[in-house]
Amino acid sequence: MSETTSTNEENKPPLNGRRAIPPNYSNDEENEVPEMEAFGLIPRGFNPRDYLRVVDIYMFKEPQEINKQEHHTDKYYNPKLIVRRGQAFQIQIDFNRPYKPETDQFWLEFLMGRYPQQNKGTYIPILVGNVLKPGQWGAKIIHRENNSIRLSIMSSATCIIGKFRLYVAVLTPYGILRTRRNSATDTYILFNPWCQLDAVYLDDEKEREEYVLNDVGIVFHGNIEDVKSRSWSYGQFEENILDACLFLMDKAELELSGRGNPIKICRVASAVINSRDDNGVIAGSWNNSYDYGVAPSAWTGSVDILLEYYSSKQPVRYGQCWVFAGVFNTFLRCLGIPARLITNYSSAHDNNANLRLDFFLDDEGKVDTRLTKDSVWNYHCWNEAWMTRPDLPVGFGGWQVVDGTPQETSDGMYRCGPASVQAIKHGHVCFQFDAPFVYAEVNSDIFYTRVEKNGTQVVEKIDTTRIGQLIVTKEVGGDGMVDITEEYKFREGSDEERLALETAVMYGVKKQSTQDTTYQPQTDVDMDFQAQKAVLGNDFKVTITFRNKSRNSYTATTYLSGNIVFYTGVTKSEFKKHSFTAKLESSSSSSFDIVIKSSEYMRDLLEQASFHFFVTARINETGKILAVQKALMLEIPTLRIKTKGELVAGKEASVIVEFTNPLKQTLENVTLRLEGPGVLRTIKKQFGRIPMNSTLTWEAKFFPMRPGLRKLIASLNSDALRHVYGELVVQIQKP
């Protein structure tokens, strides 16, 4: 097949001494397939019309027809046939005369890419037989009538994922007659979580509906004390998204022959989702300036990002972790790999993977920003993809961590995973890929180390419980939150947890012991820090409480530092310094209130309205230091969304978005975005300014596309205020 592809000189691939055929990693490129492939000299009287000839091929590719219904692909906004592997589908072939099985011979050919080869799975000839074997390529006739036959075709449960071209070939004594190239018969084949033989098989129907078919999700953000949520439109069925996702594999230069393997696909996708080192989909920016791009908090879903990348082939600006994770989730679900978005609260970004984050204090007990390199992210989002792991010992299949946010390089590229969640829990971090990094994200300890004038390091406090305290995802079939911390780690302090840690250390996770440094904590005085719920633009108070359990009375020189931070825990600026001396009577508690004024923090506030308080106290009589830190999020006002009249698919409707500016200042450069998968494509609207306390009302007209329960998601972005969201669940009636 591949030898006779083309005789034209100009179509010949460039010579390459190492391989006969150039690398084949474009699903889009095609080869020329001859309509008449002669066996030798053709006699003069030969007329192809005398033989069986294909007049038409009918693919049953409408959403309401059998193929898309049975293969759960009826939601794809795509006119071509889309089926899942390892499951039978039907086509009808109309010939120019009735088909005679005794004398006529025909077969089907599925081709992919420019250099189709049978041994690579990119050229698939299918002969018509009497029986279909599960999970293997085959075809059989299930109905004959007049000049037509109906075929049931089974695809292999391990075949390549992507877009195939279909030809029907008829054998004549002098050569093979083929149908013309017809893009209307192109067939997309996807992963099949409904098929037991597929590597991504998931046995629970409710979970398949959530992790493969749900096109809206929830991103949990905020921090451990104040969990916040917002909706994200995955939109994996929207127009051109499937082609955009296949293009990502071309961009990542994944050989076509490797595209049946979900492990390979996840690994290359985790690199191509970010733009570091391969010009991938999203450029990350964590510095609060988003010139020539969209602020990460303004996106409401993945569709705009993927379509922009597909058309421009240039990284889309800008993303942060939940944007990378949201787009990655769309990619996985679109191809049929079950996937979910995970949030890890208090996520360790440990620069040297030694399971310890070091916060250095100077001799007064203030944090030394020069020496402190590690950071605790308020939260970090990644994805889990569901698959078997035949490359690992038994028991490590199931959910795998994949992370598209560029943090550290893995095998020379910014990528992470797939790493088995089960392996991380049990400390078996020797198994590929990147398990030690994920293990550290959820298991590190925080060391508060005081550096004395002579350079001696004294460990003042070790916090073993803060990192990875809460790991969550959206519940199946609802918008609630599910705590999945126990899937990543055993209960804090349990024997199993210690054993998992020892296993991880044995497999090469670096764990520094406390023996190398002096560690004598102050045990008879406790210090606690609490902050009042605070609304953006208002004053609020924080309280420091000491509990002196000893019979001695002490004085404590106390220092509070209030910082405005990125959600990654990196400080932008210190906005509050306050020090005082606390008298601690024996066997008693004492509390001290400090007021934080809005005028102190509003000027430098970052988009997630996130603060970080550091409190250190030196007990003057013993010289010991107490340290505590706390993240605090301000309440950000939300958008209100409502619709007018009843919503019917295909009929004009209108939606109203309202927002009241709560700040004591005018909002400049305001942008609103509104989208809803299956309801409306993203609409953007710009407003110059919103004066303080005034309300903005925006009415937009749209035509709901599909009936059913749907969600509208809106975001507001401005210079002084970001991360403002609103959502509304709507029921769209059938026309």
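Guide: UniProt positions are given in the numbering used here, feature names are shortened, and annotations may be inferred rather than shown by experiment. Residues are numbered from 1 along each chain as its sequence is written, and this is a predicted model. Local features need pLDDT of at least 70, side-chain atom pairs count only at pLDDT 80 or more, totals for chains, interfaces and linings use all residues, and side-chain values use heavy atoms, with hydrogens and water left out.

Visitor: At which residues does UniProt place the feature "binding site"?

Guide: The annotation comes from an unreviewed UniProt entry. Its positions span 55 residues in sequence, yet no two of their C-alpha atoms are more than 13.5 Å apart, so they gather at one spot. The residues that the record lists are N443, D445, E492 and E497.

Visitor: Is N443 buried or exposed?

Guide: N443 lies in helix α8 (residues 435-443); helices (H or I, at least four residues) and strands (E, at least two) are DSSP runs, numbered from the N terminus. Buried means under 20% relative accessible area, exposed over 50%, and partly exposed in between (1.4 Å probe, protein chains only). Since the relative accessibility of N443 is 16%, this residue counts as buried.

Visitor: With which residues is E492 in contact, leaving aside its neighbours within four places in sequence?

Guide: E492 sits in the loop between α9 (485-488) and α10 (495-506), and at 36% relative accessibility it counts as partly exposed. Contact means heavy atoms within 4.5 Å. With neighbours within four places set aside, N443 touches I467 and K489. For E492, the contacts on that basis are T464, T465 and E497.

Visitor: How many residues apart are E37 and R178?

Guide: The side chains of E37 and R178 meet in a salt bridge (2.9 Å, N to O), that is, a side-chain nitrogen of Lys or Arg within 4 Å of a carboxyl oxygen of Asp or Glu. This pair links distant parts of the chain, with E37 in strand β1 (residues 36-38) and R178 in strand β10 (residues 175-178). Both E37 and R178 are buried.

Visitor: What is the relative accessible area of R450?

Guide: R450 is paired with E452 in a salt bridge whose closest N and O atoms are 3.4 Å apart. E452 is partly exposed, with a relative accessible area of 28%. R450, by contrast, is buried, and its relative accessible area is 12%.

Visitor: Against which elements do the buried residues of α3 pack?

Guide: Ten of the eleven residues of helix α3 (residues 241-251) are buried, so the helix is largely enclosed by the rest of the structure. Among the buried residues are D243, C245, F247 and M249. Just after α3, E253 takes a positive phi of about 55°. The elements that pack against the buried residues of α3 are β3 (81-84), β9 (162-172), β11 (187-190), α4 (262-272), α5 (303-312) and α6 (321-335).
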